[in-house]
Amino acid sequence: VQLQASGGGLVQPGGSLRLSCAASGRFASIDVMGWHRQVPGKQRELVALITGGGDTNYADSVKGRFTISRDFAKNTVYLQMNSLKPEDTAVYYCNAKVRSRSFYSPTDYWGQGTQVTVSS
């Protein structure tokens, strides 16, 4: 299973970016997909996640500004980031809990990370 993330870049404060992450390979299903972020010297933190049923969860710091969505047919998760702030600057990693067989426990997979920089 591979996760390919894209969409990072440099944006001014108040701007928007959309991240995408597509899962490929052989598997039965994906339970949860999400986005985490990390800055140097700090632990990786959860930004948002979306379950197989479409339920979502967000970090308090991004509520009302970020929206996570999922295209189940394409095994792709998106993160729409609006009203970006300098403190959103980080490397963003996508994550998926994947079942290789339907009755197997899920395994965590991570994308390669994409840099988001918010600066004037």
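Is Asn75 buried, exposed or partly exposed? I found Asn75 to be partly exposed, with a relative accessible area of 25%, where buried means under 20% relative accessible area, exposed over 50% and partly exposed in between (1.4 Å probe, protein chains only).

**Ground rules.** I am working from a predicted model, in which local features need pLDDT of at least 70 and side-chain atom pairs count only at pLDDT 80 or more, while totals for chains, interfaces and linings use all residues. I number residues from 1 along each chain as its sequence is written, and side-chain values use heavy atoms, with hydrogens and water left out.

**Overall fold.** I looked up the secondary structure and found zero helices and eleven strands in the protein, where helices (H or I, at least four residues) and strands (E, at least two) are DSSP runs numbered from the N terminus. For the protein as a whole I noted a radius of gyration of 14 Å, which agrees with the value near 14 Å for a compact globule of 120 residues; the radius is taken over C-alpha atoms, and the globule rule is 2.2 Å times the number of residues to the power 0.38. Along its principal axes the C-alpha trace spans about 50 × 25 × 25 Å, and 38% of the 120 residues count as buried. I also noted that residues 24 or more positions apart account for 54% of the contacts with a separation of 6 or more, a contact being heavy atoms within 4.5 Å.

**The core.** Which residues touch the most other members of the largest nonpolar core? Of its 29 residues, these are Trp35, Val47, Phe66, Ile68, Leu79, Met81 and Tyr92; such a core is a set of buried Ala, Val, Leu, Ile, Met, Phe, Trp, Tyr and Cys residues joined through side-chain atoms within 4.5 Å. Among the elements that give two or more residues to this core I listed strand E1 (2-6), strand E4 (29-38), strand E7 (66-71) and strand E9 (90-99), and E9 gives the most, with five residues. I then followed Ile68, which, not counting residues up to four places away in sequence, touches residues including Met33, Trp35, Ala48, Ile50, Tyr58, Val77 and Leu79.

**The loop between E7 and E8.** I placed Asn75 in this loop, and its phi is near 50°, a positive value in a residue other than glycine. Phe72 lies in the loop between E7 and E8 as well, and I found Phe72 partly exposed, with a relative accessible area of 44%. Not counting residues up to four places away in sequence, Phe72 touches Thr51, Gly52 and Gly54, whereas the C-alpha atoms of Phe72 and Gly41, 31 residues apart along the chain, are separated by 34 Å.

I placed Ser83 in the loop between E8 and E9, where Ser83 has a positive phi of about 50° although it is not a glycine, and I found Ser83 partly exposed, with a relative accessible area of 40%. Ser16 is found in the loop between strand E2 (9-11) and E3 and is partly exposed, with a relative accessible area of 40%. Which residues does Ser16 touch, not counting those up to four places away in sequence? I listed Val11, Gln80, Met81, Asn82, Ser83 and Leu84, so named by the definition of contact given above. Ser16 and Gln38, by comparison, are 22 residues apart in sequence and 19 Å apart in space, C-alpha to C-alpha.
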